Amino acid sequence: MRLVGLTGGISSGKSTVSTLFKAHGIPVVDADVVARDVLKKGTGGWKKVVSAFGEEILQPDGEVDRPRLGQIVFSDSGKRQLLNRNFCLIGLF
């Protein structure tokens, strides 16, 4: 069995290749989908991220504002390291 990771910037074709894989019966794990599930309001991942980054990352409905969290971690290397060090192990990003 081969394991393939698709990476790249916005509009680089990741979704297109993923769709082609699926069309040929190749299983695809989408990290964005996994991250959304892990960050759903009230989950353990949600609690840990809110504890680490504060309620400023929440939308009015209490869900994590992923673009806001992205702005925070991609503008501060220390916070990005905190996220990577503590949360990648539970499948957030």
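Author: The protein has five helices and zero strands. Helices (H or I, at least four residues) and strands (E, at least two) are DSSP runs, numbered from the N terminus. The order of elements from that end is α-α-α-α-α. This is a predicted model, where local features need pLDDT of at least 70, side-chain atom pairs count only at pLDDT 80 or more, and totals for chains, interfaces and linings use all residues. Residues are numbered from 1 along each chain as its sequence is written, and side-chain values use heavy atoms, with hydrogens and water left out.

The C-alpha trace spans about 40 × 25 × 25 Å along its principal axes. The protein has 93 residues, and 20% of them count as buried. Buried means under 20% relative accessible area, exposed means over 50%, and partly exposed lies in between (1.4 Å probe, protein chains only). Take the contacts (heavy atoms within 4.5 Å) between residues at least 6 apart in sequence: 36% join residues at least 24 apart.

Next, the charged pairs. Side chains of opposite charge can pair when their charged atoms come close. Searching the whole structure gives two salt bridges. The criterion is a side-chain nitrogen of Lys or Arg within 4 Å of a carboxyl oxygen of Asp or Glu.

Asp32 belongs to helix α2 (residues 31–38) and Arg66 to helix α4 (residues 66–75), so the bridge ties together parts that are 34 residues apart in sequence. Asp32 is partly exposed at 41% relative accessibility. Arg66 is partly exposed too, at 23%.

The other bridge joins Glu56 and Arg68, whose closest N and O atoms are 3.8 Å apart. Glu56 lies in the loop between α3 (44–53) and α4, while Arg68 lies in helix α4, so this pair ties together parts that are twelve residues apart in sequence. Glu56 counts as partly exposed, at 49% relative accessibility. For Arg68 the value is 30%, again partly exposed.

The loop between α3 and α4 also holds Asp65. Asp65 is partly exposed, at 23% relative accessible area. Set aside neighbours within four places in sequence, and Asp65 is in contact with Ile57, Leu58 and Gln59. Asp65 and Ala31 are 34 residues apart along the chain, and their C-alpha atoms are separated by 17 Å.

Val4, Leu6 and Val17 make a nonpolar patch of about 220 Å². Patches take residues with over 30% relative accessible area and no salt bridge; like charges are joined within 9 Å, nonpolar side chains (Val, Leu, Ile, Met, Phe, Trp, Tyr) within 5 Å. Val4 is found in the segment before α1 (14–23). Val4 is exposed, at 53% relative accessible area.

Notes: Areas by Shrake-Rupley, 256 points an atom, 1.4 Å probe, with all protein chains shown as cover.
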